[in-house]
Amino acid sequence: MEIQFGLIDFYLVAPALALFLFSCVPLLIKVLRGNVEQNSFATLVYGYVGLVTAAGLFAPTVGTERTAFEGALVFDGISSFSTAIVLFVTGIALTFARDSRSTNPRQFTEMVFLLLNCSVGMLTMVWSNDLIVTFVGLELFSLCLYMLIALSLEEKLSKEAAFKYFVLGSFASAFMLYGISFIYGTVGSTYLPEVFQASQNLLGTNRLFLIGFILLLLGFAFKISVFPFHAWAPDVYQGSPTPLTGFMATAVKAVSIAFMLRLVAAQAFTVERVWPFVDALQWVAVLTILVGNVGAFRQKSLKRMLAYSSIAHSGYILIGIIAAGIGGASMLGATGVMFYVLAYSIMTIGAFGVLHMLETRPDSDLTIEDLRGLGSQRPWLALCMTILLLSLTGIPPTIGFFGKFILFSAAVKQGLVWLAIWGVIGSIISVYYYLRPVVAMYMEEPLLARSNSDSKPMSYFAVALLAFLVLAIGLASEPAVQVVRASLIKVF
Amino acid sequence: MPGIEALMHIGIKHYLFLSAILFSFGMLAVLLRRNVIVMLMGIELMLNAVNLSFIAFAKESGSLSGHIMVFFVMTIAAAEAGVGLALAVAIYKKFHELNIRFFEHLRG
């Protein structure tokens, strides 16, 4: 067997290579200076340069349909769209991380290194066209995340969160790997096109393959914190440093959902044997929405509230994944999922960004009371938070409304009316807990005087940018949806 | 005797059965034990059970890719053990305890 690959393959993976190289630069400088931390702004600039280089190398490959390294990696609509989201979210998270109270100023270099390598793992996963590459990518970003959580300056909660995430994450990925081994055993390969080709036949006849496929989906269900596997999310999200929570809640979910979309694009759900499983999946989606919304309803801590809300949003996205997987008009469902992932990433990391700007100690855990009177003390920040929360609720001119609209209309078109109804019910419940902070910011008297001394200008800019994007993409949702649809049309 | 016959010819089913047993043991160790180190051992056991099933399938089908996958999984398992033990050390330094029954600060 002759293995052939050329320069074009290296060109296609260049964004990941660039990210890795630039992540090493600040670390190398720190080592050469005798383990003395350099100026954190300089470190941040290296991170940005890496991200911008990666984006520059990635931009010309948008729109191509290629595979690289003997088909181990694939570059299509799903991967380029997710690559853009990952690079953008990493940039925002880097900005927040430097300003965060819980970032150890003597370990910022390590943090940048781990964050950039985290996105290398994510890129590997969304590009992967072979299950073992998927697994390597998944483990790469998961391991980086465990360490990033434990790096926090606040020690008690973050250590606990890191260990919980580590044990449960490794547990889930062991199950996923077991599923991959079953798929390998029945198909004789882990190459995704071959697996998909065999899946139509094998899902109906081979029980081992069915179990393998379900275990594989379970691994991703854990990562996006779907109902029976959601319990870790509030704990881990609360214990992690806030910028990192935003990063975990968005980038990890975005890449896992992108990969799930690739799995359902094979139309495995149309096999009759899998129908009971699809029915179960619909119930899982409904329960995820309910658990997320009801859980968020009774939280005091804003971080926990957003964690439960992110569970609910996974439920909405799951509706779209089911709509995309059952054949027929699957295109609308897939477009809805991709567009909603974009919307969700922008608004969620923005909301966590606002929270991190209000934190005063490494271990502060903000509640609704801490937001009181923000509207008069820091009006622009309160405005950004309001826009982001309205978008999370799904109020019309924002991106969140159009995302939900496309998802639910896809479900209705596929005959899943009851799922759409549950989605709407969930959104109605969510109005209460999303608007309560808004009420507190504008209508209640402040409890304590807030000093304006640490304004964190870069985080401020990032949050304002995200709030602006929420409105701008919301107002221009028609062309944005067209872009998403055009990028997905070759996959579905 | 058929019983001895079945034991004499060790086939793929035996390997898969053994790997399933090892996997369940690892799972039980993670779920039931409350010691950080034992939980890490459980995770390693699960990954190695998967390795065994990869090897059995590769032997059965005669394709090489299963063997290659085992190398990938071994590397990842080593990395995971590294991170896990580092976390265990950090936890011990902070709590002077390797039992996770003290882990109940995150509730609500």
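**A loop residue with positive phi**

Reply: Because S225(A) has 29 C-beta neighbours inside 10 Å, it counts as buried (20 or more other C-beta atoms within 10 Å of its own make a residue buried, 12 or fewer exposed, and anything in between partly exposed, with C-beta atoms placed from the backbone). This is a predicted model, in which local features need pLDDT of at least 70 and side-chain atom pairs count only at pLDDT 80 or more, whereas totals for chains, interfaces and linings use all residues. Residues are numbered from 1 along each chain as its sequence is written, while chains are lettered from A and ligands numbered from 1 in the order in which they are written.

The phi of S225(A) is positive, near 50°, although the residue is not a glycine, and its place is the loop between α9 (207–223) and α10 of chain A (helices are DSSP runs of H or I with at least four residues, strands runs of E with at least two, numbered from the N terminus). F69(A), also a non-glycine, has a positive phi of about 50° and sits in the loop between β1 (66–68) and β2 (73–75) of chain A, but it counts as partly exposed because it has 17 C-beta neighbours inside 10 Å.

In chain A as a whole, buried residues make up 62% of the 492 residues.
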